[in-house]
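Hi,

Here is the structure I promised to pass on. My notes follow below it.

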Amino acid sequence: MSETPNDGAEQLSATTAPSAPQIDASAESDPAETAHSARHAAQPLGLMALAALGVVYGDIGTSPLYALRECFSGHHAIAATPENVLGVLSLIFWALIIVVTIKYIVFILRADNHGEGGIMALMALATPIRRFHPSKKRWVVLLGVFGAALLYGDGIITPAVSVLSAVEGVKVVTPQLDPYIIPITLVILVGLFVLQSSGTDKIGKLFGPVMLVWFGVLGVLGLVNLLRYPEVLAAINPIHAIIFFAANGWHGFLILGTVFLAVTGGEALYADMGHFGPKPIRMAWFSLVLPTLLLNYFGQGALLLHNPEAVENSFFRLAPTWATIPLVVLSTMATIIASQALISGAFSITMQAENLGFLPRVKIIHTSASAFGQIYIPVVNWMLMVACLAVVLGFRTSSNLAAAYGIAVTSTMAITTLIFAVVARDRWQWPTRRVVPLIAFFLIIDLAFLIANLVKIPQGGWFPLVVAAFIFIVMTTWKRGSRLVYARERDFEQRLDQLLEWLGCNKVARVPGSAIFLSADPKGAPAALLANLKYNRVVHDHILLVSVKIAEVPHIAPEQRMEIEPLGQGLERITLNFGFMEESHVPKALLPLQELRPELAIDQAPYFVNRTKVIASEIPGMALWREQLYTIMRHNATNAVDFFRLPASRVFEIGTSVEF
């Protein structure tokens, strides 16, 4: 378990517990499926798969709008000759099979952290994350944090490029509509982010049927053109990819950066696993998503074989003229949905990062009473919206955005592969002879895509990297700053055993009832309790020192929620355990104690919390500018009363200050 702070000012737990139960990846049953069975048992698999279409597969499902087009008309375009068309199609086909199907669907989805996915959950699975103590595998933590930061950059570009590419389809109807593309895109994006507060469950039910129609249309459009020119199926043979590289050399290798657009969304697929579980995700992929994607790509390829002039907008040219407007409308709806995968993924990553100690506390709204992973974070939502709008106004066209798109995702995929290797070897105990060839195979593919995408940096690829670098600095600064402040606070605290000895030797006035003190260090006396003794010279008959521990697992069973330890002199230590995907609702967690011991009157007891003001100083620890950044974040973090859902009318805050 890792310790978590009370808010930007006070800290709650300070000890660590044994790491999460080991997942046996060699077992016959998928561990992720087992973890989700109880949480989703009441929901039919088919309906869950349908909802997953609306949240998980929107991003990768709308790639046909621009992926093949950019290969032949983008910044590194090549001629749409029959040999090149077959070569690019072969690359897209095998990218979907190797990267998405084999790597993510077959292997990465097995690396669930008690039902949750995403790079932060994978990082916590690979090494224990402790708030106030360095992790044993520090390089894994740094890689995981940077990978999470990269996904925020991707979350900004994905909605912009997806929606913009669909709206640009109106130019197929008439170029006179071109001036309206940017305004329409901005309005659609604003509407999408406003809708987020409804929650992914409702969004999935709303978007799922639309995406079902979308994938059906993808398949039909592709199949019609494929039946006309079935010779395009020769691209399934990987020899065409080899011939393509041999004929085009370095230019052909750079096309990998554009081919990668066909598999963007793979990482979001893993990040959103906690919303639905792996079974619905796999069912949707194999039964609908993969077949229709392949049909559409091969259909576009068939069109280009016989009409290379259609390359400027090969997707919309698949449809007859009369169907262009309906297809633009449907594709716009699909791209709105495509943005959902990264947005909901950003919510999940933020909550995980916060509970693992890498971000300050923010307001989190749980949008489902039954599914813990379905959340809405207003501050993240609105920041993403502003960034998306700025990106659309700055880049102007989907081709410009496509040039910036991909480098963040490829980097995250490579990082995921490396951390997965640690999980497979150290946690699952896979033999080296099994891990090394598998990871080497995936890593070669990941690095090839990454290197091909590096040339995009001057053309806009710098943007997600700058965003990621900033977020990485924020996350590591918060982590380091929290450790320093915690160490300074401990210097001012009295040891709990000394306080107990003092209470036993001195007569102190007692008042009836209970008082609840949020405890920073289970071995130390809370500053609020010491201040109460010093200035009021009185204590309650029952004193509950409450600490919160955030586990390395996403969810904690109800019977493991609370630990009680009598300390003497009317004091008891209460440890509340929460998973890193759960809301730390302290009064709700204490309800069972109220039922067991009514004399404590917990529902009427006052809460005492310590609010620490931190002051940046020249004391060795962090660079002064990082200390100042930390104080700003701490000042703006959600306070303990709101975050832990404490009853405001019964909360007393004691203020202290700490230089660090």
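**What I found**

The protein chain has 26 helices and 9 strands; these are DSSP runs (H or I of at least four residues for helices, E of at least two for strands), numbered from the N terminus. Please keep in mind that this is a predicted model, where local features need pLDDT of at least 70 and side-chain atom pairs count only at pLDDT 80 or more, while totals for chains, interfaces and linings use all residues. Residues are numbered from 1 along each chain as its sequence is written, and side-chain values use heavy atoms, with hydrogens and water left out.

Of the 660 residues in the protein chain, 63% are buried (under 20% relative accessible area, with exposed meaning over 50% and partly exposed in between; 1.4 Å probe, protein chains only). Among contacts (heavy atoms within 4.5 Å) with a separation of 6 or more, 83% join residues 24 or more positions apart. The chain exposes about 24,400 Å², and 64% of that comes from carbon and sulfur atoms.

Just after α17, Arg396 takes a positive phi of about 75°.

On cysteines, Cys388 is buried at 0% relative accessible area, whereas Cys505 is exposed at 62%. The structure holds 0 disulfides (pairs of cysteine sulfur atoms within 2.5 Å).

Best wishes

Key
Accessible areas come from the Shrake-Rupley method with a 1.4 Å probe; for residues, only the protein chains shown count as cover.
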